[in-house]
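Dear colleague,

I am handing over the structure below, together with an account of what was found in it. Please read the account with the structure open beside you.

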Amino acid sequence: MTRMIAIVGAGLGGLMLARVLHVHGIACAVYEAEASPTARTQGGMLDIHEDSGQLALKAAKLHEAFVRLIHPGGQASRVLDKTGAVLLDQPDDGSGGRPEVRRGELRRLLLDSLPVGTVRWDHKLTSVEALGDGRHTLSFAHGGSVTTDLLVGADGAWSRIRPLVSAAVPAYIGTTFVETYLSDADARHPASATAVGGGALFAMAPGKGIFAHREPDGVLHTYAALQKPMAWVAEVEAADASVALARVALEFDGWDRALTALITDGETAPVLRPIHALPAAHRWDRIPGVTLLGDAAHLMAPAGDGANLAMVDGAELGEAIAARPGDLQAALQAYEAKLFPRSAEAAAGSTEVLAICLGDAAPHSLVQFLDQAKGAT
Ligand SMILES: Cc1cc2nc3c(=O)[nH]c(=O)nc-3n(C[C@H](O)[C@H](O)[C@H](O)COP(=O)(O)OP(=O)(O)OC[C@H]3O[C@@H](n4cnc5c(N)ncnc54)[C@H](O)[C@@H]3O)c2cc1C
């Protein structure tokens, strides 16, 4: 029997599900709001963990191709205090188990692994109607509609599918990341490039931090983390780029110049990312014909896990469906039985990591955490 499996959202989670279904010979359609694969830059590096994201890539039969995307040296980590003193400098010796790749290249790998036409671009979901028998009718911004036997919400933080299963809404956690970029850093911003080193830089004091990453082409990608109310976020967002950068830099007054230059020398308008999260133990009762994965299911503070978890969810859901060809409800039940405890544990861990990075003991708390993590590998 042919069933209509619809995945809403072509992020890493939705695409991973589509790929694993394809590996098992199961067709599906992915409905994506963006107009094309290149509609939005997919900036940033992701560390893909041996015990989660990489297992999903193996299930998708894409691990070998993934290895070819790894940015050598990207797992190096440095922790600095606000004076620029280096408290920890861990080179990338290849033993970290969390190699770095560009998000855009990973997404491209998944997209290219799907049959042509699987992803329906420019299909922004605007409403969903539950038909009461496990089927749902999806309506799109351009006017089309489709009826599903299985609906998967892989549509990220502000999921339109989530309300079908849960009343939970993401809440602002009080921390905002401000994103800036410097290009050609070794030539044009040598002090900042040296401070960042070959991989990740964490420079913190209680309540604030500058987190930066070296990308393969000499780009330094920075998140300045601040604990601020949403009213502050709105004011800075409304300001001109140079005023906004100055407002953010003011929060780091007195910090080492190589660190603050990651903000003040920013070459693009700063992007404010107020961090929202769902309740850590978010779960729902089994509703026929619909489930969630990735951020739609378990949006949490960034701690290097979200993309990895989204891919694990996608791979496990694909395998659960393939293992129970005649019984979607049993497949969803099996998937969710593993999803809920995994997400709750990761969400609790992400809160802990944020406290380690921005709490009263920062930056020494992070030095201790990274030392212990290294000792455990
Ligand atoms: C500042 C920051 C830094 C982060 N850094 C890391 C990191 O280093 N490592 C890591 O593992 N994770 C990181 N994360 C988390 C990670 O980005 C997410 O957890 C991950 O992208 C979730 O994947 P997803 O597939 O669930 O959702 P998304 O990647 O959000 O994909 C959802 C897709 O659904 C589409 N969509 C949304 N609404 C609709 C609609 N109505 N109709 C159709 N399509 C729709 C969107 O266009 C999008 O393509 C970070 C997050 C933030 C905010």
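A residue is called buried when its relative accessible area is under 20%, exposed when it is over 50%, and partly exposed in between, with a 1.4 Å probe and protein chains only. By that rule Arg-40 is partly exposed, with a relative accessible area of 46%.

Please keep in mind that this is a predicted model, in which local features need pLDDT of at least 70 and side-chain atom pairs count only at pLDDT 80 or more, while totals for chains, interfaces and linings use all residues. Residues are numbered from 1 along each chain as its sequence is written, and side-chain values use heavy atoms, with hydrogens and water left out.

The record comes next. In the model, Arg-40 is found in the loop between strand E2 (29-31) and strand E3 (45-47), where helices (H or I, at least four residues) and strands (E, at least two) are DSSP runs numbered from the N terminus. Over residues 5-339 the chain is 32% helix and 26% strand, and the C-alpha atoms at the ends are 19 Å apart.

Helix H7 (residues 230-238) has Trp-232, Val-233 and Val-236 buried. These residues cover an arc of only 100° around the axis, which puts them on the same side of H7; the arc is taken from the directions from the helix axis to the C-beta atoms. On the other side of H7, Ala-231 and Ala-238 are exposed. The cover over the buried residues of H7 includes strand E12 (171-182), strand E15 (220-227), helix H8 (241-250) and strand E16 (271-277), with contact meaning heavy atoms within 4.5 Å.

Ala-185, which lies in helix H5 (residues 185-188), is buried, with a relative accessible area of 0%. Leaving aside residues up to four places away in sequence, Ala-185 touches Pro-190, Ala-193, Gly-218 and Leu-220.

Turning to the rings, a search of the whole structure finds six aromatic pairs; rings of Phe, Tyr and Trp (its six-membered ring) pair if their centres lie within 6.5 Å, and planes under 30 degrees apart count as stacked, over 60 as edge-to-face and the rest as tilted. One of these pairs, Phe-177 with Phe-211, is edge-to-face, at 6.1 Å centre to centre and 65° between the planes. This pair links distant parts of the chain, since Phe-177 is in strand E12 and Phe-211 in strand E14 (residues 208-214), 34 residues apart. Phe-177 is buried, with a relative accessible area of 8%, and Phe-211 also counts as buried, at 11% relative accessibility. The rings of Phe-177 and Tyr-223 have their centres 5.5 Å apart and their planes at 45°, so this pair is tilted. Tyr-223 is in strand E15, 46 residues from Phe-177, and is partly exposed, with a relative accessible area of 26%. Ring pairs link Phe-177, Phe-202, Phe-211 and Tyr-223 into a cluster.

With kind regards
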